[in-house]
Amino acid sequence: MNSGWIKTCYIKISSETRRGRRARGADRTEERSKVFGLERCMRIAVVGSGYVGLVAGACFADMGHDVILVDNDPAKLAALKSGQVPIHEKFLPELLQRHRGQKLQFSDDLHASAKASSVIFVAVGTPPTDRGDADLSYVESVAREISGAIDGYKIVVEKSTVPVYTSEWVRKIILRNGAPADSYDVASNPEFLREGTAVTDFLFPDRIVVGADSERCAAVLREVYAPLSEGTYYKRPDSIPGPDRAQVPPPLIITSTKSAELIKHASNAFLAMKISFINAVASICESVGANVQQVVKGIGTDSRIGPRFLNPGVGYGGSCFPKDLMAFRSVARDCGYDFRLLDEVIRINEEQRQRFLRKVRKALWTLRGKRLGVLGLAFKGGTDDIRESPAVLLIQSLVQEGCSVAVYDPAAMDRAREVLPASVEFMTNSCEAATGADALLILTEWEEFATLDLSQIARRLHYPIVIDGRNLYDPETMAAHGLSYYSVGRAPALPEGSPASTGEHLPDDHKTYE
Ligand code: UDX
Ligand code: UDX
């Protein structure tokens, strides 16, 4: 595909569309491209082929850029080169198949890859230290290595989630290691993709945030994202299909690097706060006998609040929210602001798991010797990732309390086997996990767990008890299938004639129900 083709196609579309303004914007971009001698097919290196790096690299290739994916994990690199896909993400296998060996190369040679590229995205891990702040040592080592490869204007872009000021440190490290000051810029381009929908989140983002402290740097990143921000990507017959609600083209927001770094931490903190808020409201619902799903509908239809990220449950997990909240809190602390709101978000999240454990105890009285069927290991539906998974943490607690546990998850079994106690039994489907169990727990919001054959589940369970930490079912429906159903922020639903429904259940020490 030659650049000439892109140019012709582009002009034809803009004169026809009502987005005259965008055409004018694009002309300006054209101008700038000429001024800075930029081509539309950029040479990009992405360092770190984890969730963010691998998805970003594959999508940049599909947007028409030449991409080198760099990683220092030889096993991961060998797997990628041999056609394997190390993470469970929709559309990723197709993209890797489509571009491997063409627009997408894999390398462990950071120096050569950086030398061959004009834009270098840094997507290495930024795990939490014991203090809770982000460990930036991988970012620093990558910056050090890049400095020696700067033989002409290049841009180093933070793609990993990093605290504010990181770009200044990256700039300093590169300078200290010998790169001429005017031969590079450091930018921040936070990634908002969610695991499970990573490819479509990348290609159909709500916004693209570029933190750049020079017009030259901003112009280059405008070029990188031009296929999305100018809408040309979505017109291609082979483009990845977007989610129904996708707004294309996405706005490209240019800010300072510091603002962009803060946008990422603040966005994740706000989303986690929304989840903890609705979990706190769910606890109040349990105390007063209200229905949290009705409350969600009532508050979520307020356009200032919005319905998304108001699903009550066993709390948030994953590789981002827990660590980013801690990192943001320590950033605030370091700049003298006591961000106690974040402490509360974290406390409510941890409390939510304890509340769920109490719910299991209440439904079964004692736990020692009980057999539990558990659906879900991943930290959320649609991914094989168990990092900070509430499901895994709950299973570990239940085993500690003397339960035997039979689990099933559509994708995360292998990863969970590495961390769960040897006594845990791994079943091949939901029904097997339920067979002979004193109760069935739903801990991860996989779609398939919301369409179980309830009659069969009821038949297979020793006690027809379902404790749902993700509110996947309508309580009445469950009771109608003869199941005693306990969920989050809603009254228990007990089938006609079940012991509990006749008030024979044991006295509880909580006001209404939990
Ligand atoms: C990354 C960041 O860690 C996280 O802060 C951000 O929120 C999202 O992007 P993720 O992609 O999930 O998260 O990271 P991870 O799965 O740990 O992948 C990092 C990759 O970088 C690994 O493949 C690792 O081998 C590689 N790496 C790490 C390098 O290539 N070089 C290094 O020096 C360190
Ligand atoms: C998150 C952010 O959404 C994403 O923008 C950022 O780039 C990385 O971190 P991710 O961790 O992949 O993405 O998953 P997300 O869909 O945000 O879910 C995070 C956790 O919150 C999961 O455990 C999920 O089960 C939980 N959750 C989410 C709720 O409990 N309720 C909700 O309403 C939404």
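These legends describe close-up views of two ligands in a predicted model. Residues are numbered from 1 along each chain as its sequence is written, while chains are lettered from A and ligands numbered from 1 in the order in which they are written. Local features need pLDDT of at least 70, side-chain atom pairs count only at pLDDT 80 or more, totals for chains, interfaces and linings use all residues, and side-chain values use heavy atoms, with hydrogens and water left out.

**View 1. The residues around ligand 1.** Ligand 1 has 19 residues around it, and those that come nearest are Asp 71, Lys 76, Thr 126, Thr 161 and Lys 323 (a residue is near if one of its heavy atoms lies within 4 Å). By class, this shell has 6 nonpolar, 8 polar and 5 charged residues, where Asp, Glu, Lys and Arg count as charged, Ala, Val, Leu, Ile, Met, Phe, Trp, Tyr, Cys and Pro as nonpolar, and the others, Gly among them, as polar.

**View 2. The surroundings of ligand 2.** Among the 19 residues that surround ligand 2, the closest are Phe 192, Leu 193, Glu 195, Lys 380 and Glu 445. An oxygen atom of ligand 2 is 2.7 Å from a polar backbone atom of Leu 193, and a polar side-chain atom of Glu 445 lies 2.7 Å from an oxygen atom of ligand 2. The shell around ligand 2 has 9 nonpolar, 3 polar and 7 charged residues.

Notes. Polar contact = N/O pair within 3.5 Å; in protein donor to acceptor, adjacent residues only side chain to side chain.
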